[in-house]
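The exercises below are meant to be worked through with the sequence and the structure side by side. Each one sets a task and then gives a solution in steps.

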Amino acid sequence: MSTSLEMKKIQKFYGALHVVRDFDLYIEPGEFLTFLGPSGSGKTTALKLIAGFETPSGGDMLLGSRSIVDVPPYERGIGMVFQNYALFPHMTVVENVAFPLTVRKAARSEVEEKVLRALQLVKMDQYRDRYPNQLSGGQQQRIALARAIVFNPSLLLMDEPLGALDRNLREHMKIEIMRIQKELNITVIFVTHDQDEALVMSDRIAVINEGRLVQVADSKSLYYSPQDRFVASFVGESNLLPCRVNQIENGTGTVTIAGRANGVARLSGQSGGESGWLFVRPEHVDISPRGATSTAQNVLDGVVEDALFLGEMTRYTVRCGNETMTVKQQNRGQPHFAGKTPVTVSWDADRCTVLH
């Protein structure tokens with residue numbers, strides 16, 4: 001049965017180094033939440049604090065209604081899947097999966113029943129008598145997952161579990177993990193630095209930078225309404241242009257973009273005269289021949305530096321004065337612009353936001 005997890009002002013110091021800062025986070029029962037951040041941001045340390053492998057320097061942590069700060073890892077009832085699988089090489093698949101039940105002194109009939117169910121859930125019951133070195137990376141990952149869920153944990157932690165897999169297998173395992181999570185209705189905390197994994201798999205994403213929770217939101221909110229420049233640049237591909245807010249009206253403002261063009265953008269709390277970063281996604285920018293008329297409120301002239309064919313779309317890099325913009329345009333029936341072509345890029349006010 002799934003349970004909630006609440007982190008209250010959790011801190012972690014290593015000497016003078018403050019690696020987890022003021023984590024205030026509530027995770028719903030049955031929720032799939034992802035810690036997303038660059039290497040060294042503190043996301044794996046946060047996971048180790050939840051697992052009990054590290055002790056917080058301050059704050060409290062509640063699993064359901066029970067504080068677990070002083071509870072040893074083996075008494076927390078939490079499942080864990082590691083990036084390197086951490087399977088016992090001298091044990092068969094069955095023995096590896098049965099291990100959490102064996103150390104809990106479960107009855108033999110219970111062990112057999114639960115191991116078979118876990119292996120069936122990850123579609124690996126036909127490999128029960130093999131050893132880890134006789135399995136592929138993807139198969140070992142499935143066994144590690146089966147071992148983590150075999151004792152019906154209320155919470156499952158996954159630390160970069162797909163990092164060692166090739167791209168095709170990674171895509172397949174994303175779907176499998178999501179299927180198993182929904183089937184078991186288990187609370188999952190997933191750690192990754194891969195934004196695609198986070199956007200596809202999560203109910204919510206907690207973006208972490210320099211030990212802080214920067215923004216916690218669902219995938220669409222995070223992608224379309226990032227809170228600041230870091231989130232905008234880390235989650236998905238973004239254009240971030242220096243701008244200055246001039247006049248404000250009904251949550252939007254007239255802005256000077258890159259010191260050379262006037263436009264209109266949504267604001268996120270800025271005052272008149274304040275500088276910021278105009279954020280717009282590449283797929284929300286139109287590209288047209290230089291001089292073509294546009295009804296968009298934001299227009300910049302530029303020159304194509306690169307044009308990369310990506311199948312269904314082309315990715316353009318356009319030099320606009322001192323700034324570079326990325327444009328992604330669908331290829332169906334659209335003109336193609338070669339390098340050094342003078343062009344105009346444009347976008348609507350409701351597609352862009354001024355960020356701090």
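**Exercise 1. A residue with positive phi**

Does Asn185 count as buried, partly exposed or exposed, or, put another way, which class follows from its relative accessibility?

Solution. The model examined here is a predicted one. Begin by locating the residue: Asn185 is found in the loop between H5 and E8. Next, take its relative accessibility, which is 45%, so that Asn185 counts as partly exposed. The cut-offs behind this step are under 20% for buried and over 50% for exposed, with partly exposed in between. Finally, turn to the backbone, where the phi of Asn185 is near 50 degrees, a positive value in a residue other than glycine. As background for that last step, most residues other than glycine have a negative phi.

**Exercise 2. Another loop residue**

Find where Glu160 is placed, and decide whether Glu160 counts as buried or exposed.

Solution. The place of Glu160 is in the loop between E7 and H5. Its relative accessibility is 11%, and therefore Glu160 counts as buried. The backbone of Glu160 has a positive phi of about 45 degrees, although this residue is not a glycine.

**Exercise 3. The packing of H2 and H4**

Describe how helix H2 and helix H4 are arranged, and name the residues through which they meet.

Solution. Two packed helices are described by the angle between their axes and the distance between the axes. For H2, residues 93-103, and H4, residues 137-149, the angle is about 30 degrees and the axes are 7 Å apart. Because of that angle, H2 is roughly parallel to H4, the cut-off for this class being under 35 degrees. The handedness comes next, and the crossing of H2 and H4 is right-handed. On the side of H2, the residues in the contact are Val93, Asn96, Val97 and Pro100, and they meet Ile143, Ala146 and Arg147 in H4. Sorted by class, this contact of H2 with H4 has five nonpolar residues, one polar residue and one charged residue.

**Exercise 4. The packing of H4 and H5**

Carry out the corresponding steps for H4 and H5, beginning with their axes.

Solution. The axes of H4 and H5 come within 11 Å and cross at roughly 15 degrees, and the two helices are therefore roughly parallel to each other. H4 passes H5 in a right-handed crossing. From H4, the residues Gly138, Gln141, Arg142, Leu145 and Ile149 take part, while H5 brings Leu169, His172, Met173, Glu176, Ile177, Ile180 and Leu184 to the contact. The residues of this contact of H4 with H5 divide into seven nonpolar, three polar and two charged.

**Exercise 5. The nonpolar cores**

How many residues has the largest nonpolar core, and which of them have the most contacts inside it?

Solution. In soluble globular proteins, nonpolar side chains tend to be buried together. Here the largest nonpolar core has 36 residues, and Val97, Leu145, Leu156 and Ile177 are those with the most contacts inside it. The elements giving two or more residues to this core are H2, H3 (108-121), H4, E7 (155-159), H5 (167-184) and E8 (187-192). H4 provides the largest share of this core, namely six residues. To see the surroundings of one member, leave aside the neighbours of Val97 within four places in sequence; Val97 is then in contact with Val115, Ala118, Leu119, Ile143, Ala146, Arg147 and Val150. A second, separate core has 28 residues, including Ile10, Phe35, Ala206 and Ile208.

**Exercise 6. A strand residue and a covered helix**

Solution. Ile78 lies in strand E6, residues 78-81, and at 13% relative accessibility Ile78 counts as buried. Helix H1, residues 43-51, is mostly covered, with seven of its nine residues buried. After H1 comes Gly52, whose phi is positive, near 100 degrees.

Notes:
Residues numbered from 1 in each chain as written. Predicted model: local features only at pLDDT ≥ 70, side-chain atom pairs only at ≥ 80, totals over all residues. Heavy atoms only, no water. Axes fitted to C-alpha atoms, helices over the stretch in contact; angles between N-to-C directions. Helix = DSSP H or I, 4+ residues; strand = E, 2+ residues; numbered from the N terminus. Parallel < 35°, antiparallel > 145°, perpendicular 65-115°, else oblique. Left-handed = near helix turned anticlockwise from the far one by under 90°. Contact = heavy atoms within 4.5 Å. Nonpolar A, V, L, I, M, F, W, Y, C, P; charged D, E, K, R; others polar. Core = buried A, V, L, I, M, F, W, Y, C linked by side-chain atoms within 4.5 Å. Buried < 20%, exposed > 50% of the residue type's maximum accessible area, 1.4 Å probe, protein only.
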